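Thanks for coming. I will go through the pockets of one structure, then a patch on its surface.

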Amino acid sequence: MDFFNVIKDRYSCRKFDSRQISKEALDAILEAGRLAPTAKNLQEQRIYVVQSEEGLAKIDSLTRCRFGAPTVLITAYDKKNVFVYPGGKRDSGIEDATIVATHMLLAAKAAGVESCWINLIDPEAVAKEFSLPENEEVVMLLDLGYPAEGARPSSAHSQRRELSETVQYL
């Protein structure tokens, strides 16, 4: 699929059917995340694949936003392996994890898999429920699956501001 069609056609799917995504599609999605750029190439992302009934039940106890997805990726980063910006007020952890997640959701669309970015979570509760290491911070969840009948983009999906409203040339 052409890149611009991928970014144009991708939407937040909020109604998945029960079919599990193929191992090949999942591997391609995870590989896209692996190839994402990170500050100083630190690759501090940590991706946890949740597909078991037990794991998905845990996700359901943490958010109402699984929407029946048969696969959920927990995206986190290693807080001890980040680039700290000059001035010491920011580090690269959250932005690197979100770049990785964005690569994965675009790769999902290219592989014929729909996704939904979930940030309606308590990151600490997710980490605790899945017994993640203390040095890792959860950033978001990524639902993955095939759309159920009737799934469609939200009515706001195609509403975008004009470039002139968001871009300035200096």
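I start with the second largest pocket, which holds about 190 Å³ of space. This is a predicted model, where local features need pLDDT of at least 70 and side-chain atom pairs count only at pLDDT 80 or more, while totals for chains, interfaces and linings use all residues. Residues are numbered from 1 along each chain as its sequence is written, and side-chain values use heavy atoms, with hydrogens and water left out.

A pocket here is an open set of points on a 1 Å grid over the protein atoms alone, where a 1.4 Å probe fits, with protein on both sides within 12 Å along at least five of seven lines; lining residues have an atom within 4 Å of a point.

Which residues line the second largest pocket? They are Lys-79, Pro-123, Glu-124, Ala-127, Pro-133, Glu-134, Glu-136, Glu-137 and Val-138. Helix H5 (123-129) and strand E4 (136-145) each give two or more residues to this lining. Helices, of at least four residues, and strands, of at least two, are DSSP runs. By class, the lining has 4 nonpolar, no polar and 5 charged residues.

Now the largest pocket, with about 270 Å³ of space. Its lining includes Ile-7, Lys-8, Arg-10, Tyr-11, Leu-106 and His-157, and divides into 4 nonpolar, 4 polar and 4 charged residues.

Ile-7 also belongs to a nonpolar surface patch with Phe-3 and Phe-4, about 320 Å² of accessible area together. Patch residues have over 30% relative accessible area and no salt bridge, and nonpolar side chains are joined within 5 Å. A salt bridge is a side-chain nitrogen of Lys or Arg within 4 Å of a carboxyl oxygen of Asp or Glu. Areas come from the Shrake-Rupley method with a 1.4 Å probe.

Phe-4 is in helix H1 (residues 3-9). Phe-4 counts as exposed because its relative accessibility is 58%, and exposed means over 50%.

Methods. Patches are made of residues with over 30% relative accessible area and no salt bridge: like charges are joined within 9 Å, nonpolar side chains (Val, Leu, Ile, Met, Phe, Trp, Tyr) within 5 Å. Buried means under 20% relative accessible area, exposed over 50%, partly exposed in between (1.4 Å probe, protein chains only). Grid points are joined across faces, edges and corners, and a volume is the space filled by probe spheres set on the points. Ala, Val, Leu, Ile, Met, Phe, Trp, Tyr, Cys and Pro count as nonpolar, Asp, Glu, Lys and Arg as charged, and the others, Gly among them, as polar.
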